Amino acid sequence: MAGAEVLASQMNEGVNTNTIDEDIFKMLADDEDYEDFKEVEEEAEVNPCDSVHCPAGKECVEEEEEGVCVCVRECGVEYDTRRHVCSNHNQTFQSDCSLYQARCWCEEGDSRCRQERVRHAHIEYYGECRQIADCSEDDLIDFPRRMREWMFNVMKELAERDEISPHYKQLEQEAETDQSRKWGNAAVWQWCNLDKHPHDNVVSRHELFPLKAPLHTLEHCLAPFLDTCDKDTDHMVTLEEWAGCLELEEEELLDKCEAMQNSP
């Protein structure tokens, strides 16, 4: 009900005019408070960090009305050792946040950077660092076969649990009926599953993490094997390199991977 309507209604009902005056002033004051609140709310909505994406180890702060990425200021203490992480330098950090924070300090030349090598640190696996057996030459030679077998078994299990798309299921069914497609289809599925962030036909170290982290402590040859896949040591594994280290034909993987990426 508008203010004028309230006033007329109260006068008709014989309400004391002093009370009416007080009510009117209160309504006006409330209106002013509401307008002030709206202005504050509108100002709060304009956050320069909303449009800024910071990489791991950094967070956005406002500086001179602009969003700027800086090293994470505080990660917090993590007491659960299962959430600790082991770096590629076999160094345990309390959390992924603390590892990326330390890396950021070194990248930015911060005085808190204690080891220059942390500039290139990344997570190898979750949990505290462990002593992992060396991968012998014979084990590494046999590893591509074991990797192909493992990928197919995982693909098969996910298909049975209805946790992959119809297109992936079709590839798994083809592999079941045609042994010549078994390894290639599994390799394609794994490759396209890794090449997501972004999809650019190469797999970065970051994209390899979902494959590497849960298996690292269980499979001592996984890290050396993935290193051999990166033939040109650019920290990116191309489809050609992926096919080569799995001892498969690149053409077979390429055609199927493109079909999967273009499928709805």
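1. Start with the main core: the largest nonpolar core in this predicted model has 35 residues. Met-147, Phe-225, Trp-242, Leu-246 and Leu-253 have the most contacts inside it. The elements giving two or more residues to this core are α4 (137-160), α5 (166-177), α6 (182-194), α7 (205-212), α8 (222-229) and α9 (239-245).

2. Leaving out residues up to four places away in sequence, Met-147 touches Leu-211, Leu-222, Phe-225 and Leu-246. Two of the names from point 1, Phe-225 and Leu-246, turn up again in that list.

3. There's another core too, lying apart from the largest one. This one has 13 residues, and Val-85, Leu-99, Trp-105 and Val-118 are among them. As a general point, nonpolar side chains tend to be buried together in soluble globular proteins.

4. Have a look at α6 while you're there. It is mostly covered, with eleven of its 13 residues buried. The buried set includes the tryptophans Trp-189 and Trp-191, but also Lys-182, Asn-185 and Gln-190.

5. Now the strands. β1 (residues 58-63) and β2 (residues 66-71) pair in the antiparallel sense, over six bridges. For one of the partners, take Glu-62: its bridge partner in β2 is Gly-67. The hairpin has two residues between the strands, and Glu-64 takes a positive phi near 55 degrees there.

Conventions
Residues are numbered from 1 along each chain as its sequence is written. This is a predicted model: local features need pLDDT of at least 70, side-chain atom pairs count only at pLDDT 80 or more; totals for chains, interfaces and linings use all residues. Side-chain values use heavy atoms; hydrogens and water are left out. A nonpolar core is a set of buried Ala, Val, Leu, Ile, Met, Phe, Trp, Tyr and Cys residues joined through side-chain atoms within 4.5 Å. Buried means under 20% relative accessible area, exposed over 50%, partly exposed in between (1.4 Å probe, protein chains only). Helices (H or I, at least four residues) and strands (E, at least two) are DSSP runs, numbered from the N terminus. Contact means heavy atoms within 4.5 Å. Two strands pair if DSSP finds at least two bridges between them.
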